[in-house]
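Okay, thanks everyone, I'll keep this short. Let me put the structure up and then we'll walk through a few spots.

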Amino acid sequence: MNKIKTLTDKDFDKIFSLSQYAFQYDLSEEELLKKQEEAKRHTIWGWMENNRLAAKLHLIPLSCYINGQAFEMGGISSVATWPEYRRQGAVKHLLHHALKYMKEQGEVLSFLHPFSFSFYRKYGWEHTFSEKKYTIPLEKLKRNWEANGYIRRVDSEVSMLHNIYTEYAKQFNGTLVRDEKWWEQRVFRGDWHKAIAYNENDQAEGYILYKVKEEKVTVHELVYNTLNAQKLLLQFIANHDSMAETVDMVVPENDNLHLLIDEPRFNQATEAYFMARIVDILEFLKQYPFHNGDTQLLSIHAADSFLPENSGVYQLRQIGSETKVTHLLDGKPRIQDGIHCTVQYLTSMLLGYKRPMELYHLGLIQGNQEQIEQLEQIIPKRQTFFPDFF
């Protein structure tokens, strides 16, 4: 008997009772209504025991940028189980069901925020996003930034912020393609102040979402598409020195702010954040924008124990901008033939979180070094960054 049931808005009481219990928070009536409105875009499945909700999983249809190109992605969220039903395989079945559904929907990637990295690694997800967190005394930002232009605080300006964000997001791998509802329900949640950076020609080049409270500037988003805009925004933060002593912000892992300020010793911490997984290896490879050029035939032996239909040999040839991919069943390959990796490390390489040669030297992928070096050459170098949450 199939114990998985698609839940609807009629099940919201059960859904959010479990969420509040599992994630240890209490929702006011207003907050609950907002959560329910957000959940209308989710597909929610429940694992049922004797017609009672034992566990649940939310799937959010999203898109993200990979090498500047939009990819369909399924966001796994709000996975929870009542304690009396834990460790009985409910979440495993829900994850498998969700992956099958994503594949049918053409969602070739899946992201999630794990309670445990080791738990989700068993099912093919891998650490692909980290957060770099700064706590900086405002005194260190007080300098002549030599920026041209000005900052203006705004009330909404969603379309302008969206245009600035989209140009910025395409510089990274994994950043979300945002729609209007995502801005309203997720990005602006929390009543952040908003300010836009304009250059001397009145062109918007960056923005900041922030709060000032208890002598601290908390930056929700710092987005800029030019060095000039970055300097304008840093000057704007520094101008709060009569109201705050420090600023907290989250930045991409490859951020180089420490090179721009006179005293680079401030609190910097990098923490593991989100995980990702390729849902459909064949379709992902077909869509993936490798570097243009001609390559010899590459053979990637991929192993996916949770979705065995993904396993096998992927023969890959790059001819100009066209990628030709063939999926063959894996026989008994020799390690020295081709490139051997799990779906986890294939995801890590292709999203750009770790390079093929890095993983090879760590013993996390194996195979023919010449082919691994060739794969290294055709994967664009681009930092992963995920400034959102779900």
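This is a predicted model: local features need pLDDT of at least 70, side-chain atom pairs count only at pLDDT 80 or more; totals for chains, interfaces and linings use all residues.

The largest nonpolar core has 62 residues, and the ones with the most contacts inside it are Leu-109, Phe-111, Tyr-207, Phe-284 and Leu-350. Which helix gives the most to this core? That's helix H9, residues 343-351, with six residues. There's also a second, separate core of 28 residues, and Ile-208, Val-217, Leu-257 and Ile-261 are among its members.

Next up, Ile-372. You'll find Ile-372 in helix H11, which runs over residues 369-378. Is Ile-372 buried or exposed? Its relative accessibility is 0%, so Ile-372 counts as buried. Beyond four places in sequence, Ile-372 touches Ile-339, Pro-356, Met-357, Tyr-360, Ile-365, Gln-366 and Gly-367. And if you like C-alpha distances, Ile-372 and Gly-338 are 34 residues apart along the chain, with 8.0 Å between their C-alpha atoms.

Last one, Asn-199. Asn-199 is in the loop between strand E9 (193-198) and strand E10 (204-213). Asn-199 counts as buried because its relative accessibility is 7%, and the cut-off for buried is under 20%. A polar atom of the Asn-199 side chain lies 2.8 Å from the backbone nitrogen of Asn-201.

Terms used. Residues are numbered from 1 along each chain as its sequence is written. Side-chain values use heavy atoms; hydrogens and water are left out. Helices (H or I, at least four residues) and strands (E, at least two) are DSSP runs, numbered from the N terminus. Buried means under 20% relative accessible area, exposed over 50%, partly exposed in between (1.4 Å probe, protein chains only). Contact means heavy atoms within 4.5 Å. A polar contact is a pair of N or O atoms within 3.5 Å; within protein, one must be able to donate a hydrogen and the other to accept it, and residues adjacent in sequence count only if both atoms are side-chain atoms. A nonpolar core is a set of buried Ala, Val, Leu, Ile, Met, Phe, Trp, Tyr and Cys residues joined through side-chain atoms within 4.5 Å.
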